[in-house]
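Dear colleague,

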Amino acid sequence: MKTTWYFINSGPCSPAFNMALDEALLHWHSKGLIPPVIRFYEWNPATLSIGYFQRAEKDIDFEQLHKLNVGFVRRPTGGRAVLHEHELTYSIIVNEDYPDMPKTVTEAYRVLSEGVLLGFRNLGLDAYFSVPDSEEKRADLKTPKSAVCFDAPSWYELVVEGKKVAGSAQTRQEGVILQHGAILIDLDDEKLISLFKFPSEASKERMRKHLPQKAVAINQLAQKPVDVETCISAFRKGFEDGLDIELVPYTLTQEQMDFVNNLAKTRYESDEWNFRR
């Protein structure tokens, strides 16, 4: 018998709600109230999320952000900034002591990302895990050249034709792993770049030339156009096969929804959280 996990497809949600629900699922799982969870979601409005350790006002052009009506939120996970627009976002919530789960962050990331890998292959893309194979690439991981997530792949990030197609991040709290990531369906390079501050026009121009060489979206590679529903089907099956699990749809109770909405309002909508660094 395969282990049963919950499957939640939230659809488009506000930035604060998306982060609050991920945190709530982590908390409920740590208390034994729910089994492990795979969640898919989208963003309304399009949103720039930054990593837990990033300095918002140093990296982000908030005047441009407001001009384009782009949302903003700080994630509870690390990593760099991501523009969530034409994508499917996933999250995985599972105990650190889940059977055969590696103890190291990097190896656990490899195991949990197997479902993402198979999802891309279900779409007919020859995806594989990146492994930094030079001192220069390993040094880049320690001192990123920019605040943009898709500027470079990390350990076991998903790549196709050498270019990053999914950006993921992980945190561990209450004995639970939360891993979530962005699966690019389409990518507006210019819009993404416009949301960041650069030390000079020359450095901005370098990023403009550099990004298309480092990041790519599914619809730049697929034989025929792919939409969100197609991705949901491909990646749901990918997770079931990759983790050898059965996904059972789950709907939050009204009490759980109230908890998430309160957390969204008090934490993820607050300047204290979003501008804490």
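The axes of α1 (residues 15-30) and α10 (residues 254-268) come within 8 Å and cross at roughly 120°, where axes are lines fitted to C-alpha atoms over the stretch in contact and angles run from 0 to 180 degrees between N-to-C directions. Helices here are DSSP runs of H or I with at least four residues, and strands are runs of E with at least two, numbered from the N terminus.

This is a predicted model, in which local features need pLDDT of at least 70 and side-chain atom pairs count only at pLDDT 80 or more, while totals for chains, interfaces and linings use all residues. Residues are numbered from 1 along each chain as its sequence is written, and side-chain values use heavy atoms, with hydrogens and water left out.

In the contact between the two helices (heavy atoms within 4.5 Å), the residues of α1 include F17, L21 and W28, and those of α10 include F259, L263 and Y268.

As for R39, this residue lies in strand β2 (residues 37-43) and is buried, with a relative accessible area of 0% (buried means under 20%, with a 1.4 Å probe and protein chains only). Among the residues that R39 touches are L21, D22 and Y90, and its side chain makes a polar contact with the side chain of S10 (2.8 Å), that is, a pair of N or O atoms within 3.5 Å, one able to donate a hydrogen and the other to accept it.

Best regards

Note on methods:
Buried < 20%, exposed > 50% of the residue type's maximum accessible area, 1.4 Å probe, protein only. Lists of a residue's contacts leave out its neighbours within four places in sequence.
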